[in-house]
Amino acid sequence: MKKRLIIIGIQEDNLLFLKNQLEYIFGTSIQIEGLTLKELNSDTLLSSDLVLLSAMEIQELVKPFLPEAAISIVAQRTENIGNLKELIFSKQRKNILVVNDNYNNTIQTLESLKLFLPNHTFYPYISEKPMPDKIDFVITPGETNLIPKGFPRMIDIGPRIISLETLIQIKQYCQLDMKVSLLTQLYIKAMIYATDKKTEILPISIHDQNQHRTLDSLKTSSPSLQSTIRIASKLAKTPDAIHIEGETGTGKQMLAEMIHNDSTGAALPFYVYNCLDKDPQLIKKELFGSKDEKIEGIINAISGGTLYIKHIDQLPYALQSKLFNLIESNDLNPMKNRIRIITSSLESLATLFQKGIIRTYLYSYMSSYVLQMPSLKERKNDLSQLIEAFKGHFNRIDLVFSTDAMEAFYHYDWPGNVRELYNVISYCVCLNTTSIERESLPLFFKGNQKFDATENTEQDLGINEIIRTIEKHGFLSESISLLQIYQKGKKQNESYGRRRIKQLLSDEQYSLTDQQLRLRIEVLNKTGLLNVRKGRAGTTISAKGEQFLDVYQNELRVQ
C-alpha cells in the first residue's frame, strides 16, 4: 500500500504549487494530497500519514489534529533561482528591496537571496520604516500586490520551492527505492518546470475529498445566503447537475460538498477537479483519458459519487459536449452507477453564455439549476460569527480582537472573501498573543484598508507611473484607444481576437504589427489595466483599467 503524504498549509494556490512539485518528482510512488488548515478536522489525518507542514508557524495549529503515531515534518523552502537570471549575471552591485507578506517571511527570503546573490545589497520592505533612497530592483515571491508604487523594475520569483533536504526526508520516511542522484536530477527539472511553467501530464490523485460538511451546519444571518441554502437543500434531493457561481473565496466548493452530503449519494465519494490555468489537451486527458497514451481519466476511473468541476469556463468547447453527454446519460440510465456533476465559475453562467464561452445545450440544461454564493462584502453581518467559528476551529477562543481591530474588519471590502478572512485569523492565531490590536493585523490586510472615502483616486492608481511605463514601450494614445476598444467590448459582452483588435485600431488611424500589439497588451496586463486570460475567455479590461480611463479622460476635460 502506498504511503499517504498530506501537505498542510494556509493558502490553496500555494498548496497546489507544492503538490505539483512533489507529484513531478515522486510520480505515483506516493499518494499526495493537499489540505488547507480550514479543511482539517478530528478524523482527517491517519496515524500512518506523513504530514508535511508548509511553514513552521502552523505547527502548533496542526497539533490538535495529528494522530499520536503520525509523523510530521516542516517543509524547508528555498527561492527558485531560475527566476533570478537577470541578477545572477549582473556584474554591477544592485540595491534590492525584498517584499513579502510579513516581517519574518521577508527576512527569511532576504537571507536566502543573499546566499544566491552575495554581490548585491538587500533591504527588507517594512511599511512603517523609511526606505533607502536608491532601489534598483524589487524582488517578491508572489506578493506583487504589496509592492509600494514607483518601482518599475520588479522580479516576481514565484512561490518558494521545497528544498532538496526535505525531499530526501520524504524519500527516507516513505522508504522509497530511489537514489539521491536521481532525486537531485528530478529536483533540478522540477525547478525548471516551475520557472518555465510548462504544461505536462502529471499523475492525477483521485481521492475522496469529502469533509462531511452539511447544509444545516452553515449558519448565517444573510438573507441572500439563507436563500441559497434553501434552494440548495431542495436541489440536493434531486439527481440534477448543478452550477454554483460566486467570487473567489466565497465557499463554492464547500457548498458543492454540502449538497453532496445532503443527497441520497452521501455515502459515496466527493471528487474535485480544477480546470484553471490548464492546457485544453491536458484537461481532456485528465478528465476523459487517452487510449493512445493509456491514460484512464478521472471520469473513467470513478464509478459513482459527485464530481465537482471548478472553473467550468476553462473547460474547452469540444469537451463541453462530452460533459453534457455524461450528464444526459445519467438521466437516461438511472440504474447504472451515476456520477453527479456540480460545476462552478467566478462569472455568472448567463455571462459566460453571452460571451460564447459555454455551449448552448450545456447552458440550457444547467441554467435552471444555478446557485449564487454571495460575497463577504454582501454579508458583513456574518463577520463576528465567522471569526468565532475560526477561533473555535483552532481552539483559540481566548483570542480577543480590540474594538479598533474589529472596526478594521467591518470597513474592509474583503476581495478574497471568507477565504481571506480565514487567512487573517490564521495569521493572528500564529502571533502567540491573546490580544489582537489593529497594528497586529497582517501587512497584506493593513495595506488594503480604505477608511477615507475621499482618497485621491489619481494617487491611488499611480496614474503617472502607469503613463511612464506605457510610454516606455510606445505612444500613450495607442494604449488609450486599445483600452477604449476593450471597454466597449465589455459593455457589449463581446470579446475580440487580435485580428479584430488590429482592424478596430486601424479605424482609429493606428497601424500596429502583431509584435507591437502583443507588446502593448503585455504592458497593459502588467500594469493591471487589462486581464489577459487564456482560451475563449479572452482579454478584457480590468476595473483598474476602467478607472484609469475615467481619470485620464477627466484630466483631458479639465485641460
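**Helix packing and a pocket**

Helices α1 and α5 cross in a right-handed manner (right-handed means that the near helix is turned clockwise from the far one by less than a right angle, left-handed anticlockwise). The model is predicted: local features need pLDDT of at least 70, side-chain atom pairs count only at pLDDT 80 or more, and totals for chains, interfaces and linings use all residues. Residues are numbered from 1 along each chain as its sequence is written, and side-chain values use heavy atoms, without hydrogens and water.

**α1 and α5**

- Helix α1 spans residues 12-26 and helix α5 residues 164-173. Helices here are DSSP runs (H or I, at least four residues), numbered from the N terminus.
- Their axes lie 12 Å apart, at an angle of about 60°. Axes are lines fitted to C-alpha atoms over the stretch in contact, and angles run from 0 to 180 degrees between N-to-C directions.
- α1 and α5 are therefore oblique to each other. Under 35 degrees counts as roughly parallel, over 145 as roughly antiparallel, 65 to 115 as roughly perpendicular, and the rest as oblique.
- L22, I25 and F26 of α1 meet L167, I170 and K171 of α5 (contact means heavy atoms within 4.5 Å).
- This contact has five nonpolar, no polar and one charged residues. Ala, Val, Leu, Ile, Met, Phe, Trp, Tyr, Cys and Pro count as nonpolar, Asp, Glu, Lys and Arg as charged, and the others, Gly among them, as polar.

**α21 and α22**

- Helix α21 (residues 498-507) and helix α22 (residues 514-526) cross at roughly 95°, and their axes come within 11 Å.
- That makes α21 roughly perpendicular to α22.
- R498, I501, K502 and L505 of α21 meet D514, L517, R518 and I521 of α22.
- The classes are four nonpolar, no polar and four charged residues.

**α14 and α15**

- α14 packs on helix α15 (residues 403-411) at about 115°, with axes 11 Å apart.
- The crossing of α14 and α15 is right-handed.
- L383, S384 and I387 of α14 contact M406, F409 and Y410 of α15.

**Second largest pocket**

- The second largest pocket holds about 500 Å³ of space. A volume is the space filled by probe spheres set on grid points, joined across faces, edges and corners.
- A pocket is an open set of points on a 1 Å grid over the protein atoms alone, where a 1.4 Å probe fits, with protein on both sides within 12 Å along at least five of seven lines; lining residues have an atom within 4 Å of a point.
- Of its 21 lining residues, K38, S217, M254, A389 and F390 are closest to the centre.
- α8 (252-261) and α14 (383-393) each supply at least two lining residues. α14 gives the most, with five.
- The lining has eight nonpolar, eight polar and five charged residues.
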